[in-house]
Amino acid sequence: MHIMMKKASLGQILGVFAKVGAFTIGGGYAMVPIIEKEVVNRGWLTEEEFPDILAIAQSAPGLLAVNISIFAGYRIRGAKGAIAATVGSCLPPFLIILAIAMFFSGYQDNEYVMKAFQGIRPAVVALIAVPMINMAKKSNKSWWAWALTTTAMILVAFLKVSPIYILLVTIVVAVAINIGMEKKEAKK
């Protein structure tokens, strides 16, 4: 079932993604909850669509922030929406980095600048952790989904197993479990 979403102008898409790009410290995963809030609250995407777009963006090669902008923008307004969202999310950080490189490069070893970045790190970790926890809550609807999520996290975080192998095994396990559940339902 397709839900009719609100129409967004290219200028609105550009503006929203520019705001996200300008005010998100940490990029990538730190942008996820802000993009989700902006596009869902405006009625451009549903809460159910967003995790799917995030999963596709994570799977595609390249930067997560750019990928999520491309896929969300495309879902909202097609190819032109993808371009508007991508330019919006990339242009402000590019200009900010350029300004920092031009005007503040002499301050990189400054004690106060270094302390400021040390202070920002815990906030960035939280900005990354919260959307991942929220996505797990929304996506994991069964015991086996939680088991796969937990196992994958342990394998990557503590045992340093390549995510590629985990994805391949997870796909096979998920398909097998779903086939088993369908057969079980068919017997009823």
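Glu-36 sits in helix α2. Is Glu-36 buried or exposed? At 15% relative accessibility, Glu-36 counts as buried; the cut-offs are under 20% relative accessible area for buried, over 50% for exposed and in between for partly exposed, with a 1.4 Å probe and protein chains only.

A quick word on the source. This is a predicted model, in which local features need pLDDT of at least 70 and side-chain atom pairs count only at pLDDT 80 or more, while totals for chains, interfaces and linings use all residues. Residues are numbered from 1 along each chain as its sequence is written, and side-chain values use heavy atoms, with hydrogens and water left out.

Now the whole chain. It has seven helices and zero strands; these are DSSP runs numbered from the N terminus, with helices being H or I of at least four residues and strands E of at least two. The C-alpha atoms fill a box of roughly 70 × 45 × 25 Å, taken along the principal axes. Of the 188 residues, 28% count as buried. Among contacts between residues at least 6 apart in sequence, 59% join residues at least 24 apart.

Back to α2 and its partners. Two packed helices are described by the angle between their axes and the distance between the axes. Here axes are lines fitted to C-alpha atoms, for helices over the stretch in contact, and angles run from 0 to 180 degrees between N-to-C directions.

How do α2 (residues 28-41) and α5 (residues 111-139) pack? Their angle is about 60°, and their axes are 7 Å apart. That makes α2 oblique to α5; angles under 35 degrees count as roughly parallel, over 145 as roughly antiparallel, 65 to 115 as roughly perpendicular and the rest as oblique. The α2 and α5 crossing is left-handed, meaning that the near helix is turned anticlockwise from the far one by less than a right angle, with clockwise giving right-handed. Our Glu-36 takes part from α2, alongside Tyr-29, Ala-30, Val-32 and Pro-33, while α5 brings Leu-127, Ile-128, Pro-131, Met-132 and Lys-138. By class, this contact of α2 with α5 has eight nonpolar, no polar and two charged residues; Ala, Val, Leu, Ile, Met, Phe, Trp, Tyr, Cys and Pro count as nonpolar, Asp, Glu, Lys and Arg as charged, and the others, Gly among them, as polar.

Next, α1 (residues 10-23) packs with α2 at an angle of about 155°, with axes 10 Å apart. The two are therefore roughly antiparallel, and their crossing is right-handed. Val-16, Phe-17, Lys-19, Val-20 and Gly-21 of α1 meet Met-31, Ile-34, Ile-35, Glu-38 and Val-39 of α2. Those residues divide into seven nonpolar, one polar and two charged.

Lys-160 lies in the loop between α6 (143-157) and α7. Its phi is near 55°, a positive value in a residue other than glycine. At 66% relative accessibility, Lys-160 counts as exposed. As for α7 (residues 163-187), two of its 25 residues are buried, so the helix lies largely in the open. Ile-177, in α7, is partly exposed at 23% relative accessibility. Ile-177 and Trp-144 are 33 residues apart in sequence and 8.3 Å apart in space, C-alpha to C-alpha.

Technical notes: Contact = heavy atoms within 4.5 Å.
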